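Thanks for asking me to look this one over. Here are my notes, in the form of a few numbered points.

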Amino acid sequence: MLCGISGESPQEPVVSTKSGVVYEKRLIEQYINQHGTEPGTGQALAADELLAIKTSAIVRPRPPTLTSIPALLATFQNEWDSLALETYNLKEQLARTREELATALYQHDAAVRVIARLTRERDEARESLSKVTVSGTAPDGDGMVVDSVETLPEALAERVDEVHQSLTKGRKKRPVPEGWVTADEITAFETTASNSLPLSHATSLVLEGDYAAVGDSEGQAAIYSLEADAAERQVAVSQPITDALWAGTKLMFATSQGVVKVYEGGNEVASVSEHSGAVTALTAHPGGEILASVGADKGIVFYEMGSMKRVSRLFNNASLTACAFHPDGHLFAAGTVSGEIKLFMTKTLEEAAVFSPCEPGHGAPIVALAFSENGFWFAAAAKGQSIVTIFDLRKEGAAATAKTLEVGGTVQSLAWDYTGQFLATAGASGLTVQQYAKSSKKWSEPFRNSASAVKVRWGNSGKRLVAVGEDGVVTVYGVKE
C-alpha cells in the first residue's frame, strides 16, 4: 500500500471511507485541517471519516534529543512529509491553473468572434442607413416616407438658373480688373507680415476684406486684421473646427461633431446638425442664397442661407472630404475618400460626371478642390500626393485631364485667383503659385517658398497671398512698398 499523497508506504495508514484511498494519517490530517476536502476528488472529508488500517506494530525508539540518530531521522521524516505535502499542493494548483487558462482562452476566442460579427453588422447597418433619409411621417402617423434625394424648392431652383445665366453671359466678356496683380509682382512677393495666433493645430482659413478667420482642432477661432497685423477677437466654437466660410457678415464653422455654427457680430446666431458624422467642408453658392456642407456620413446638405434650414440633401456611396460650387452655380463638386471628384447638378443633385486625379485602384482622399474663374477648369489634389491635377469640364475620360502640375511636395490647399490666371498651392513643403499664360498656353511658376502651410487664400486684387501654418502662424506675402 502506498500513500495517496507522498507515494510511499505509510507508517500509520488510514483509508478514506468515501474514496477508499490509503493515506499516511499525519499527512491526510494536515490536508483536511487546511482544505477540509479529500485530495484528488475535492469532496468534503472530516477526520472522523478516516478508517485506520491495522498493521503489525513496529516499536520505534523515542528520540530524546536531536543529537541521536533516531531523533535526526524523525526530524528528517517530518521535513520530508512537509515537502511531500507541498509538492502535492503545487501539482494540484498547476492542474487547476491549466484548466482555468484553457477556459479563459476559449472565452477570449468566442468574444473575438462575437465582436467581429457585431462590427460587421454595424458597418452593414451604417452602409444601409447612409443610403436613405427619413423625410417625414405619413398623414395618419403610422409610417414614414423614406427618400434618398431631396431636390431644391422651386424658388431656389429658379434662382440657380438666373445666377447661372447671368454669370455665364458676363464671364465671356469679363476683362482682368484694373490694378490686378501681375506675374512680375508675384515673382517679387516676400513676407510683409507674420503673426502667431493663440491657436493650436490650425485647420481652416477664410478671408473677408482685410480680415482673416482661422480655426483650429481645439474648437477655437481667431479674427486677424491684415492691416493691423494683429488678432482682434477670439471666437469659442467649443467643437473641433474642420472648415470655415465667410459670407458677408456671417462667419460659419464646420465641426467634427456634425454641427455647422453661424456667428454674426461675434455672437452665435444659428447652429444646425444635419450630419451624423463630422462635417468636412463648407462652400457657398455664388448667388449667396445657398450654403452647402459635406460630411463623413456620405451626405451632401444644402441650406437656405438666411434661415439655415435644410432645403436639399443627397447621400453618396462614399465619405466626402471636400466640396465647391462651380463659379456659375449650376454644378456642385464633392471629393471622396476613394479619390473621386463627383459633379452634381445643383438643382436636382443628379450626378453629372466623375473625375479622378489618381490612377485606377490607387485612390487617395481628395484634400483640396477649387474651380477656376474661366468656368471650365477645376483643380484637385489628393492626400499625400505632390501633384495638382487640372481637369477640363468640356471633356470626358482621360482627355479631361488638361494638366498635371508637380509642385515638389504634398498639397493640402488650393486657391485660384479671381482672374483664373494664378493657382496657389500650400503644403508641408511650402507655397507655390502656378501661372497659366493664355497667350502661350503654357504653365510657369512665378513664386515658391519653403514655409509650411495648411491653408492659403488670395487677398484683394491678388496683391496679397495669405497662408496659415499648423502652428497657428499667419503669414502675409506681397510686394513691399
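**Notes on the model**

1. In β22, Leu-343 is the bridge partner of Ala-333. Strands β21 (residues 331–336) and β22 (residues 341–345) pair in the antiparallel sense over 5 bridges. Pairing requires at least two DSSP bridges between the strands; strands are DSSP runs of E of at least two residues, helices are runs of H or I of at least four, and both are numbered from the N terminus.

2. A word on conventions: this is a predicted model, in which local features need pLDDT of at least 70 and side-chain atom pairs count only at pLDDT 80 or more, while totals for chains, interfaces and linings use all residues. Residues are numbered from 1 along each chain as its sequence is written, and side-chain values use heavy atoms, with hydrogens and water left out.

3. The strands of point 1 belong to an open sheet of 4 strands, ordered β20-β21-β22-β23 with antiparallel pairing. At its edges lie β20 (320–325) and β23 (351–355), each pairing on one side only.

4. Buried residues (under 20% relative accessible area; exposed is over 50%, partly exposed in between, with a 1.4 Å probe and protein chains only) of α2 include Ala-71, Leu-85 and Tyr-88. Their cover includes α1.

5. Gln-43 sits in the loop between α1 (25–35) and β3 (50–52) and is partly exposed, at 42% relative accessible area. Its C-alpha atom is 8.5 Å from that of Lys-18, 25 residues away along the chain.

Conventions: Contact means heavy atoms within 4.5 Å.
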